[in-house]
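Dear colleague,

Please find below the structure I am handing over to you. My findings follow directly after it.

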Amino acid sequence: MENLNFNVFNIIIISGVIQGFIFSLIVLTQKRYITNNTVYLGLVVLFLSLSNLQYWLLDTNLASRYPVLKYIFVPWQWLILPMYYLYVHKFIGRKKLQLKTKYVYLLPFFLVLVTHVIYVLISKKSNSEYEVVSHFQRGIYVYLEFLSFIFNVVIIILAHKLVIAHEKDQSYNIAWVKSETNWLKKMTYVGLIVCGFWLIALVIAVTYNLNKSYIFYPLWIGVSFLIYWIGYVGINKSRQLKKRIELRNKRIADLKITTSAKPEKENGKGFQKIDTYVKTNKSYLDPNLSLSVLADKLSLSEGYLSQVFSKNSNQSFKDYINNLRINDAKDMLANPEFENYTILAIGLEAGFNSKSSFYTAFKKFTGKTPVTFKKDVRKM
């Protein structure tokens, strides 16, 4: 019987596993955390944790003491990225995926699981002394890991394309919330780095046939830190999005947007006409609004529009739009009906795309922070 192998690295790994189990349990059972996308986020962390736990049992030699742990190997890594893709899809508000499409993403997991079961049964039948092939040297499991690596990278790329397409979509639907996506792109890059550790370990395992689990430590530790990050950032972003959707639904009846209120080209060249259009359509609520976007909507040149603003409003286009956003935010901050919504949710709802840009603009136009303004206006 092999001696148990415990070291600082697999202690870090099991710490991440425990953290992941706690996080996923909370997310999947507590109503205040459950939204239409956080369920997938919880499953991402759960499958990451189960995958790392399985390899931790192999690394510490606990699986050698209890051989049944080797026989019941489950390829959880084939479920992680499909859940992440579904999370991204829900988070950015894409149309609901058809059930058969979801099955396509889940099918590889079941195929690999069946392959493992058949392989074990056939091997046991032909050799009663059969020992499960190592996951850390040449053999069926390493080659399946190569397939898993390719599959996961493809899913990461597809998820990244969803994010990029969402960012490039300059159309603005007042009934939906355009959420921040920078953190999703960072998640993609971190995921690709972790996959890089995975590929290096697999190449070493196949090339040198070492049968040493420590070559996978960078991968497993990277996954552990990924669990911490997803737990901290992902749930906050999802809850923030939920608050914004609630806030948007509360305001939707009062906005009275008329998307067809585009002025005629020949009548739209005066500042008053442009100002009326922006205010009537609440164009400033679009976080993607820029001079070029507005010029395109009004069928005017960007240069001409810039001159109109500088000559007639005594403000740059950016200040003009931010001033309208600040006025909108001030109305919400002063209204007791919006008491339960966070300052950040109000800032994002007013059209700002980050906390820092909201606070900077608010201080510039009011001389106060949003928190101070809210306190002062409620005292009146």
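In this predicted model, the axes of helix α13 (residues 317-334) and helix α15 (residues 355-366) come within 10 Å and cross at roughly 90 degrees. Angles of 65 to 115 degrees count as roughly perpendicular, so α13 is roughly perpendicular to α15. On the α13 side, the contact is made by Asp319, Asn322, Asn323, Ile326, Ala329, Lys330 and Leu333. Helix α15 contributes Phe358, Ala361, Phe362, Lys364, Phe365 and Thr366. By type, the residues of this contact comprise seven nonpolar, three polar and three charged.

Helix α13 itself has 18 residues and reaches 26 Å from its first C-alpha to its last, close to the 26 Å expected. Its buried residues include Phe317, Tyr320, Ile321, Leu324, Arg325, Asp328 and Met332. Asp319, Asn322, Ile326, Ala329 and Leu333, which take part in the contact with α15, are buried as well.

Turning to the nonpolar cores, the largest has 70 residues. Those with the most contacts inside this core are Tyr84, Tyr87, Val88, Leu184, Phe216, Trp220 and Ile230. Among the elements that give two or more residues to the core are α1 (8-29), α2 (38-59), α7 (140-168) and α9 (217-255). Beyond its neighbours within four places in sequence, Trp220 is in contact with Ile13, Asn52, Tyr55, Asp59, Phe136 and Ser213. A second, separate core has 20 residues, including Ile274, Tyr277, Ala295 and Leu305.

With kind regards

Definitions and conventions. Residues are numbered from 1 along each chain as its sequence is written. This is a predicted model: local features need pLDDT of at least 70, side-chain atom pairs count only at pLDDT 80 or more; totals for chains, interfaces and linings use all residues. Side-chain values use heavy atoms; hydrogens and water are left out. Helices (H or I, at least four residues) and strands (E, at least two) are DSSP runs, numbered from the N terminus. The expected span of a helix is 1.5 Å times one less than its number of residues. Buried means under 20% relative accessible area, exposed over 50%, partly exposed in between (1.4 Å probe, protein chains only). Axes are lines fitted to C-alpha atoms, for helices over the stretch in contact, and angles run from 0 to 180 degrees between N-to-C directions. Angles under 35 degrees count as roughly parallel, over 145 as roughly antiparallel, 65 to 115 as roughly perpendicular and the rest as oblique. Contact means heavy atoms within 4.5 Å. Ala, Val, Leu, Ile, Met, Phe, Trp, Tyr, Cys and Pro count as nonpolar, Asp, Glu, Lys and Arg as charged, and the others, Gly among them, as polar. A nonpolar core is a set of buried Ala, Val, Leu, Ile, Met, Phe, Trp, Tyr and Cys residues joined through side-chain atoms within 4.5 Å.
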